[in-house]
Amino acid sequence: MRTALITGSGRREGLGFETARRLGAQGYHVILTARRLEQVDPLATELVEQGIEASALELDLLDPASVTTAARRVETQFGKLDTLVNNAAMLVGPASVADKDMDELLLEFQTNVVGTWSVTQQFLPLLVSSGHGRIVNVSSGAGSFWDPDHGLVNFPGFTMARFGDMPIPSYALTKAALNGLTIKMAKELESDNVLVNSVCPGITATHPATEGFARSVADSAKGIVWAATLPDDGPTGLFFRDGKQLPW
């Protein structure tokens, strides 16, 4: 059976859980992860009750020991990992260069970039053992210089070139760095048949404040699942939304 691990999948309304559900429906054993086991345990049980092979695992991106322990447990249980979806991220509102709190900035980069790197590093041997590993880094059009519509009809987009008078959030900078990390991973892992791509899900209604103008979680998850299930001759080192390549 194919296996897929999704970070940041501890909310029923979230993109990680919907991604896990859709991969599970395609025959994957999905491993839901969050900082605390009690966040994902009932969600994994819910999927199992739907006939999906699923399990829960504690994984804290900011705790190297937690990441290492999680990787060892997956190795013991499955011996390989076919797909890693790096979905966990931290989003903070915009602040100017003059006003930004540096501790907050450091935490954002540690979560969105360093944490993703750490998880990938620990699970990399298992992805290589798969023979056809897939890594999906959930990014954002906010991390690109130009994005035509950010996945919404008649929506101007949250790209660095189009923020107007609002300060570019440091979240966007972390996603620009994540896109760069995607290219680095793809170049280094191509010989191991590990495909690595960034995916922007678009602005997604994962919280009540975004309902009414954002895309549904179901719509946004489709592009992630597409990248997670690419054939061996699929693209690598690129940036997509809904299976269509985006400019960096």
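This is a predicted model: local features need pLDDT of at least 70, side-chain atom pairs count only at pLDDT 80 or more; totals for chains, interfaces and linings use all residues.
Colleague: Which pattern does the chain follow along the sequence?

Modeller: The pattern is β-α-β-α-β-α-β-α-β-α-β-α-β-β, built from six helices and eight strands. Of the contacts (heavy atoms within 4.5 Å) between residues at least 6 apart in sequence, 70% join residues at least 24 apart.

Colleague: Why is helix H1 called largely enclosed by the rest of the structure?

Modeller: Buried means under 20% relative accessible area, exposed means over 50%, and partly exposed lies in between (1.4 Å probe, protein chains only). Eight of the eleven residues of H1 (residues 15-25) are buried, so the helix is largely enclosed. Those residues are Leu15, Gly16, Phe17, Glu18, Thr19, Ala20, Leu23 and Gly24. Their cover includes strands E1 (3-6), E2 (29-34), E4 (83-86) and E5 (134-138), together with helices H2 (37-49) and H6 (217-228). In the chain as a whole, buried residues make up 50% of the 248.

Colleague: Why are H1 and H6 called oblique to each other?

Modeller: Angles under 35 degrees count as roughly parallel, over 145 as roughly antiparallel, 65 to 115 as roughly perpendicular and the rest as oblique. The axes of H1 and H6 cross at roughly 60 degrees and come within 9 Å; the two helices are therefore oblique. Axes are lines fitted to C-alpha atoms, for helices over the stretch in contact, with angles from 0 to 180 degrees between N-to-C directions. The residues of this contact divide into eight nonpolar, two polar and three charged. Here Ala, Val, Leu, Ile, Met, Phe, Trp, Tyr, Cys and Pro count as nonpolar, Asp, Glu, Lys and Arg as charged, and the others, Gly among them, as polar.

Colleague: What makes H4 and H5 roughly parallel?

Modeller: The axes of H4 (residues 102-130) and H5 (residues 170-189) cross at roughly 20 degrees and come within 9 Å. The helices are therefore roughly parallel to each other. Their contact includes Phe109, Val113 and Trp117 of H4 and Leu173, Ala177 and Leu181 of H5. The contact residues divide into twelve nonpolar, five polar and two charged.

Colleague: Why does Asn193 count as partly exposed?

Modeller: Its relative accessibility is 22%, so Asn193 counts as partly exposed. Asn193 lies in the loop between H5 and strand E6 (195-199) and has a positive phi of about 60 degrees although it is not a glycine.

Colleague: How do you know that Asp242 is partly exposed?

Modeller: The relative accessible area of Asp242 is 38%, which places it in the partly exposed class. Asp242 is in the loop between strands E7 (239-241) and E8 (244-245), with a positive phi near 55 degrees. Most residues other than glycine have a negative phi.

How values were computed
Residues are numbered from 1 along each chain as its sequence is written. Side-chain values use heavy atoms; hydrogens and water are left out. Helices (H or I, at least four residues) and strands (E, at least two) are DSSP runs, numbered from the N terminus.
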